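Here are my notes on the model you sent over.

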Amino acid sequence: MADKKELTHPQYKKDREVVTGLLNGEATDFNLIELARLRIRYDGFPGARDIQQDLDKALANWSLTEDELMAKTREIHQTEMLYKAQRTKKEDWS
């Protein structure tokens, strides 16, 4: 049987910064959405074990199960466009 190769995710560097912020942050609506997004991204990914473990820690720090996290983020997305609004607040220098 061949050894499974550990891969580096193309978004690792940016995601590592976000995960560090989640570990040090509160369970705000935006942080909950970020945690859910990254858990989906890294689910089953053959690498980035440190990120996967830290996502588990953030979930535990906020006393949530995966199902509770996903339910909360579905509620957030139904009531507001928080994620889209946060991501598009960029200065336009053109």
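**Notes on the helices and the core**

1. M70 lies in helix α4. Helices here are DSSP runs of H or I with at least four residues, strands are E runs of at least two, and both are numbered from the N terminus. M70 is buried, with a relative accessible area of 15%. Buried means under 20% relative accessible area, exposed means over 50%, and partly exposed is in between (1.4 Å probe, protein chains only).

2. A word on the basis. This is a predicted model, in which local features need pLDDT of at least 70, side-chain atom pairs count only at pLDDT 80 or more, and totals for chains, interfaces and linings use all residues. Residues are numbered from 1 along each chain as its sequence is written, and side-chain values use heavy atoms, with hydrogens and water left out.

3. What does M70 touch, leaving aside its neighbours within four places in sequence? M70 is in contact with A36 and I40. Contact means heavy atoms within 4.5 Å. M70 and R39 are 31 residues apart along the chain, and their C-alpha atoms are separated by 9.9 Å.

4. Now the whole chain. The protein chain has 5 helices and 0 strands. The order from the N terminus is α-α-α-α-α. Of its 94 residues, 33% count as buried. Take the contacts between residues at least 6 apart in sequence: 69% of them join residues at least 24 apart. The accessible surface is about 6900 Å², with 51% belonging to carbon and sulfur atoms. Those areas come from the Shrake-Rupley method with a 1.4 Å probe; for residues, only the protein chains shown count as cover.

5. Helix α1 covers residues 12-24. Its 13 residues reach 18 Å from first C-alpha to last, close to the 18 Å expected at 1.5 Å a residue. The expected span is 1.5 Å times one less than the number of residues. Buried in α1 are D15, R16, V19 and L22. They cover an arc of only 120° around the axis, so they sit on the same side of α1. The arc is that of the directions from the helix axis to the C-beta atoms. An α-helix has 3.6 residues a turn, so residues three or four places apart point the same way. On the other side of α1, K13, K14, E17 and N24 are exposed.

6. Which helices do the buried residues of α1 pack against? They pack against α2 (29-42) and α3 (49-61). Leaving aside neighbours within four places in sequence, the contacts of L22 include L35, L38, L55 and W62.

7. The largest nonpolar core has 19 residues. Such a core is a set of buried Ala, Val, Leu, Ile, Met, Phe, Trp, Tyr and Cys residues joined through side-chain atoms within 4.5 Å. L22, L35, Y42, L55 and L69 touch the most other members. Helices α1, α2, α3 and α4 (66-79) each supply at least two residues. The largest share, 6 residues, comes from α2.

8. Helix α2 has 14 residues and reaches 20 Å from its first C-alpha to its last, close to the 20 Å expected. Its buried residues include I33, L35, L38 and Y42. After α2 comes G44, with a positive phi near 80°.

9. The structure holds 1 aromatic pair. The rings of Y42 and F45 have centres 5.9 Å apart and planes at 85°, so the pair is edge-to-face. Rings of Phe, Tyr and Trp (its six-membered ring) pair if their centres lie within 6.5 Å; planes under 30 degrees apart count as stacked, over 60 as edge-to-face and the rest as tilted. Both Y42 and F45 are buried.
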